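Look at how the two chains meet, and then at a few parts within each chain. The paragraphs below take these in turn.

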Amino acid sequence: MKDLNFEIIAAAQDTGGEAAAGSWYDAAKATYTTLIDKQHAVSSAFQLTNVPMGVWIDEKGLVVRPPETAYTKNQTLKVGAKSIATEGEAYTAALRDWVEKGSASIYALSDDEYEKRVKPRPDNEMQAEASFKLGIHFHETAQPELAAKHFQRAQQLHPDNWNYHRQDWSFTPTEAGKKWLEKFNKQQDPYYPKLELQPK
Amino acid sequence: MLARYGIGDMEQRLNRRDWLALTAIAATSLRAAGTAKTTILFDDRATVLATTKTDTAGLWIRKSDLPQVNGFEVKPQGACRAEVCIPLPKTVRKGDWINLTGFAKRAGQSWVSEGNTWSFTEVPILRASYLRSRVAPEFAVPDRKGRIVKLSDSQGKKRLIVTWASW
């Protein structure tokens with residue numbers, strides 16, 4: 001889709017930086033823009049709560065589709081009695097349609113629909129953000145105990161934000177899987193919300 | 001104390017000298033606390049300030065440091081950034097100083113501090129263009145070679161911003 005005046009910007013939400021994310025970009029033989037987002041700046045800007053998530057932005061810098069799960073393949077992963085389903089084929093077909101047709105695409109959301117999907121951060125999420133950024137700062141300045149304290153505070157204040165949990169768990173890799181499974185099993189909502197490519 | 005130990009005239013004078021010395025030490029350490037090096041986090045940037053003060057009203061910084069902390073500038077009508085001005089009552093501005101936590105309260109920011117490090121969230125009013133007018137918020141994030149990539153660098157193209165993580 002390169003000749004269609006379209007650019008993919010991938011942002012690794014990795015406080016571990018190039019050391020954590022670089023080899024994945026290499027393995028993917030990435031030909032798109034590859035960012036190393038140690039501060040989770042992109043997630044903060046668009047209020048993202050999991051990965052992978054995608055946002056479509058037009059030529060003028062306006063948001064065509066606010067954040068949603070962005071997979072490229074259809075997969076169903078059984079996890080105990082539950083499962084995780086990705087809807088990558090429908091998502092990439094919709095993306096292709098918009099890249100070709102622009103605002104005439106049925107997947108370019110109306111203002112009304114946009115307003116339904118984009119909400120200001122409530123107070124608990126604001127507080128959580130403040131602590132998460134403090135956690136990253138202490139991680140980067142080699143103060144792991146203070147980092148852990150504020151990463152935990154962020155998770156308590158905004159429990160639905162998987163990025164806060166998983167970034168923190170990544171620093172204790174032997175326990176990360178167990179912690180993920182525990183939280184996943186407790187969660188009522190699907191791990192990846194069902195895509196609403198067109199308004200209901 | 002004096003009565004209990006029956007301290008004589010000489011001892012009393014010594015005591016007084018000790019007290020004066022202790023007071024001087026205390027005053028020095030208080031001043032030191034008032035000018036501690038402070039790190040302020042805002043918009044994924046850490047600003048280190050050599051001169052700040054804290055009191056019951058929170059964190060005070062020099063007015064002249066405000067622009068480097070969060071892009072706002074103190075003007076007669078308030079603290080302003082582009083077209084946005086947030087009025088500053090007298091309680092949050094004193095001489096060369098501005099109460100940064102008082103400003104944050106008025107701007108609707110959240111914050112948390114740990115020791116001399118303060119973390120402030122986004123200013124909600126600056127988010128209005130994203131929430132209401134669909135303007136994608138700007139970001140500036142390094143690529144693998146450390147070059148800063150801004151969203152606006154690719155203005156004029158359709159873009160998919162997609163996040164992922166190694167964890």
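The structure is a predicted model. Begin with the place where chain A and chain B touch. Chain A contributes 80 residues to this contact, and chain B contributes 45 residues. The size of an interface is often given as the accessible area lost when the parts come together. For chain A and chain B, that buried area is about 5500 Å², with 58% of it on carbon and sulfur atoms. Three residues, Ile9(A), Glu59(A) and Met126(A), supply 12% of the area that chain A buries against chain B, more than any other three residues.

On the side of chain A that touches chain B, helix H5 (residues 123-140) of chain A gives the largest share, with 10 residues. The residues on that side of chain A are 41 nonpolar, 22 polar and 17 charged.

The two chains are also joined by strand pairing. Strands of a sheet pair through backbone hydrogen bonds, either parallel or antiparallel. Here, strand S3 (residues 53-57) of chain A pairs with strand S14 (residues 158-164) of chain B in the antiparallel sense, over four bridges. Within this pairing, Trp56(A) has Leu160(B) in S14(B) as its bridge partner.

Now turn to a single residue of chain A. His40(A) lies in the loop between strand S2 (33-36) and helix H2 (41-46) of chain A. Is His40(A) buried or exposed? His40(A) counts as buried because its relative accessibility is 2%, which is under the 20% cut-off. Leaving aside residues up to four places away in sequence, His40(A) touches residues of chain A that include Gln13(A), Asp14(A), Phe132(A) and Gln167(A), and also touches Trp167(B).

Chain B holds an open sheet of four strands in the order S3-S4-S9-S8, with antiparallel pairing. Its edge strands are S3 and strand S8 (93-94) of chain B, each of which pairs on one side only. Follow the sheet from S3(B). Strand S3 (residues 52-55) of chain B runs antiparallel to S4(B), and four bridges join them. Asp55(B) and Gly58(B) are bridge partners here, and a hairpin connects S3(B) to S4(B) through two residues. Strand S4 (residues 58-62) of chain B is mostly covered, with four of its five residues buried. Next, three bridges join S4(B) to strand S9 (residues 97-99) of chain B, again in the antiparallel sense. Trp60(B) stands opposite Asn99(B) in S9(B). Finally, S8(B) and S9(B) pair over two bridges, and Arg93(B) stands opposite Ile98(B).

The last stop is a helix of chain B. How many of the eight residues of helix H4 (residues 100-107) of chain B are buried? Six are, so the helix is mostly covered. The buried residues are Leu100(B), Thr101(B), Gly102(B), Phe103(B), Ala104(B) and Ala107(B). Just after H4(B) comes Gly108(B), which takes a positive phi of about 80°.

Note on methods. Residues are numbered from 1 along each chain as its sequence is written. Chains are lettered from A and ligands numbered from 1 in the order in which they are written. This is a predicted model: local features need pLDDT of at least 70, side-chain atom pairs count only at pLDDT 80 or more; totals for chains, interfaces and linings use all residues. Side-chain values use heavy atoms; hydrogens and water are left out. Contact means heavy atoms within 4.5 Å. Buried area is the accessible area (1.4 Å probe) that two parts lose on being put together, summed over both. Ala, Val, Leu, Ile, Met, Phe, Trp, Tyr, Cys and Pro count as nonpolar, Asp, Glu, Lys and Arg as charged, and the others, Gly among them, as polar. Two strands pair if DSSP finds at least two bridges between them. Buried means under 20% relative accessible area, exposed over 50%, partly exposed in between (1.4 Å probe, protein chains only).
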